[in-house]
Amino acid sequence: MREQARQKTRPTGRRGARHRVAAAAAAIVSAFGVVAAGTPQVPAVAASRPDAVRQGLDTLVRVDGMPGALVSVTDREGRDRAYTAGVGDLATGAPVPRDGQVRIGSNTKTFTAVVMLQLVAEKKVSLDAPVDTYLPDVVRGEGIDGRRITVRHLLQQTSGLPNYTEYDIRPRYYAPRELLDIALRHKGHFAPGKKWEYSNTNYVLAGLIIEKVTRHTVAQEMRRRVIEPLGLRHTYFPAPHDATIREPHPQGYHRETPGAPPADITETDPSWAWSAGQLISTNSDLNRFFTALLAGRLLPAPQLAQMRTTVRAPYFGDGARYGLGIVSRPLSCGGRSWGHGGSFPGYETRGGVTDDGRAANVAVTMQPTAEATGKRLESVVDTALCR
């Protein structure tokens, strides 16, 4: 999720001698640098040429202090290349696993939007129907009325609903209705449709509508409609109370204060993010998902066109626009990329795909706190798509 839930984090595992670990990690990073994983050896002349993606990851580790970084790039011909940088575990010095699993945060929103738009195509949901059509009398509060908020408002982030993650979210299990109730205790920010403002509450409500209409869980619908048809073998929605990451993964870290040693927060209950940000995946699975989405393999043409109808979203950077659960950004080489990005304690992911089949997704193992770091992260994606 792009914004950070204000949790009191409880680091898990591998916490001994943290100051010595940080020093050791710096030495390991210096020794390992950035690795292009799974790629053949190239002649010395070619190898001596600077690789801009490699350099970008190296900067994120050496300059920005990210413990680990990993990226997957797909070119127009469908050829994949994976890179890693730094270390996957500060305590042991283990390398970053090639294309390892990470918590993908708000990339989950695009999956939720796809499921909802499939229901629209099936005429089970109407984009312009009020939320009360599906959840009668549920969405009420000061300046909040579910009879005036439509499904489209939710997916486009124009509902005016308060963002529950701006309030006191703690590291424990949350039922989805609890998350909604946190938001509804606060005043609505504006009349529906009058502004754009990012709010995870919109996508929790979208998830509740999906469950009411289908009589299945969001996890079941994502798996049946998206994950299994695309063969996303490394993507899953964690079960209730599951705080682990199943497959090889880099550890995720958090600093309580600037300059503090990074604490391992890999294992955490992700339920506070639910249909707004709970999924676990890999860079390559995200590339496959967004490529298939833009190619029309998940949505009929009318619904894909609705998804790609955008409004200004400066929250995501200069020139960014938001559709129905998808972000469009300008590229330095011309044209635009389509994706989302996600922030979850311990991990940050950014990525995008182009209409001509290029795809790139990068993940780091600590949320950026400096604006410059976020821009460098986005720059790696731009470089991968434009080179």
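Student: Which way do the residues of β2 point, and are they buried or exposed?

Tutor: G68, L70, S72 and T74 point one way from β2, while A69, V71 and V73 point the other way. All are buried (under 20% relative accessible area with a 1.4 Å probe, protein chains only). This is a predicted model, with local features needing pLDDT of at least 70 and side-chain atom pairs pLDDT 80 or more, though totals for chains, interfaces and linings use all residues. Numbering runs from 1 along each chain, and side-chain values use heavy atoms, without hydrogens or water.

Student: So what does that say about β2 overall?

Tutor: β2 spans residues 68–74, and seven of its seven residues are buried, so the rest of the structure largely encloses this strand (a DSSP E run of at least two residues).

Student: Which strands does β2 pair with?

Tutor: β2 is joined to β3 (residues 80–86) by seven bridges and to β16 (residues 359–364) by six. β2 runs antiparallel to β3, and also to β16. Pairing takes at least two DSSP bridges.

Student: What's up with G78 in the hairpin?

Tutor: The β2–β3 hairpin has five residues between the strands, and G78 there takes a positive phi near 85 degrees.

Student: Switching to helices: how do α4 and α7 cross?

Tutor: The axes of α4 (residues 107–121) and α7 (residues 200–214) come within 10 Å and cross at roughly 40 degrees.

Student: Which residues make that contact?

Tutor: On α4, K109, T112, A113, V115, M116 and L119. The α7 side includes Y203, A206, I210 and V213. Contact is heavy atoms within 4.5 Å.

Key. Axes are lines fitted to C-alpha atoms, for helices over the stretch in contact, and angles run from 0 to 180 degrees between N-to-C directions. Helices (H or I, at least four residues) and strands (E, at least two) are DSSP runs, numbered from the N terminus. Buried means under 20% relative accessible area, exposed over 50%, partly exposed in between (1.4 Å probe, protein chains only).
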